[in-house]
Amino acid sequence: MKHTIEAICTGTARPFNGAETSAIAKRPREGLVQILEDGLAPDEQADRRVHGGPEMAVHLYPLDHHDYWRGELGSVQLLNQPGAFGSNLAVRGLTESDVHIGDQFRVGTALLEISQPRQPCWKIDHRFGQKGMVANIVKTGRSGWYFRVIEFGEAEAGDTIERVAIGEADWSVERALTALVAGKASREEFEQLAEMPSLAPKLRDRARAKLS
């Protein structure tokens, strides 16, 4: 299963909401981009407590969802930008129901592994000037996801992203989001998530907390 990377996007921390900064505005890069342990080089995250790091190294928000949001929001110029939702990789044909926690993908010469669904925050509502987008993302499962980097490498727009290994075949990103962000899961499901080695440690801890 190969898909084309339409754009590789990075950003810098800029004023966003009063004194607060954010690097959610990602813009396409030209030429080869290095993919290292913490993600693309260079790519900034304004608040490293909740963004970035090895378990959230590379973000993919499906371009397929931009059409959905056009239907919800109308003709919003931001939706013409591949990094509108803070995404690093602009790809069509892969959505949260198609991929699983622990799936591995060859991206250029790098090897990436899905570590977790993206948990949306208020910055999406603020960026688009639309209340309720975060709640809609959680309700519909249109969250995107994060990769960790297994093998360093480099990639550029026009390269392919190819799944080379399936991880937790019963746990799509969509299902994991429903369980861990929407909180809709059985005790047995939380037990599975708590012991899932390819799931990001913070989310394994969240699943354990649900059990207690």
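# Packing and salt bridges in a predicted model

The buried residues of helix 6 pack against strand 10 (110-117), helix 4 and helix 5 (187-194); here contact means heavy atoms within 4.5 Å, and buried means under 20% relative accessible area, exposed over 50% and partly exposed in between, with a 1.4 Å probe and protein chains only. This is a predicted model, in which local features need pLDDT of at least 70 and side-chain atom pairs count only at pLDDT 80 or more, whereas totals for chains, interfaces and linings use all residues. Residues are numbered from 1 along each chain as its sequence is written, and side-chain values use heavy atoms, with hydrogens and water left out. Helices (H or I, at least four residues) and strands (E, at least two) are DSSP runs numbered from the N terminus.

## Helices and cores

In helix 6, which spans residues 201-211, the buried residues are Leu 203, Arg 204 and Ala 207. They cover an arc of only 105 degrees around the axis, which puts them on the same side of helix 6; the arc is that of the directions from the helix axis to the C-beta atoms. An α-helix has 3.6 residues a turn, so residues three or four places apart point the same way.

Helix 1 (residues 64-73) has His 65, His 66 and Trp 69 as buried residues. These also lie on the same side of their helix, because they cover an arc of only 105 degrees around the axis of helix 1. Helix 3 (133-140) is included in what covers them, and helix 1 is followed by Gly 74, whose phi is positive, near 90 degrees.

A nonpolar core is a set of buried Ala, Val, Leu, Ile, Met, Phe, Trp, Tyr and Cys residues joined through side-chain atoms within 4.5 Å. The largest such core has 35 residues, and Leu 89 and Phe 147 are those with the most contacts inside it. Helix 4 (residues 173-180) supplies the largest share of this core, four residues. Another core, of twelve residues, lies apart from it and has Ile 24, Phe 85, Val 134 and Ile 137 among its members. Not counting residues up to four places away in sequence, Leu 89 touches residues including Ile 5, Val 58, Leu 112 and Phe 147.

## Salt bridges and a polar contact

A salt bridge is a side-chain nitrogen of Lys or Arg within 4 Å of a carboxyl oxygen of Asp or Glu, and a search of the whole structure finds nine of them. The table gives examples.

| Pair | Closest N to O distance |
|---|---|
| Arg 163 and Asp 103 | 2.7 Å |

Arg 106 is partly exposed at 28% relative accessible area, and Glu 151 is partly exposed at 36%. Arg 163, by contrast, is buried at 18%, and Asp 103 is buried at 0% relative accessibility.

Both Glu 113 and Arg 148 are buried, and together with Glu 55 they are linked in a network of salt bridges. A polar contact of 2.9 Å joins the side chains of Glu 113 and Gln 104; a polar contact is a pair of N or O atoms within 3.5 Å, where within protein one must be able to donate a hydrogen and the other to accept it, and residues adjacent in sequence count only if both atoms are side-chain atoms.
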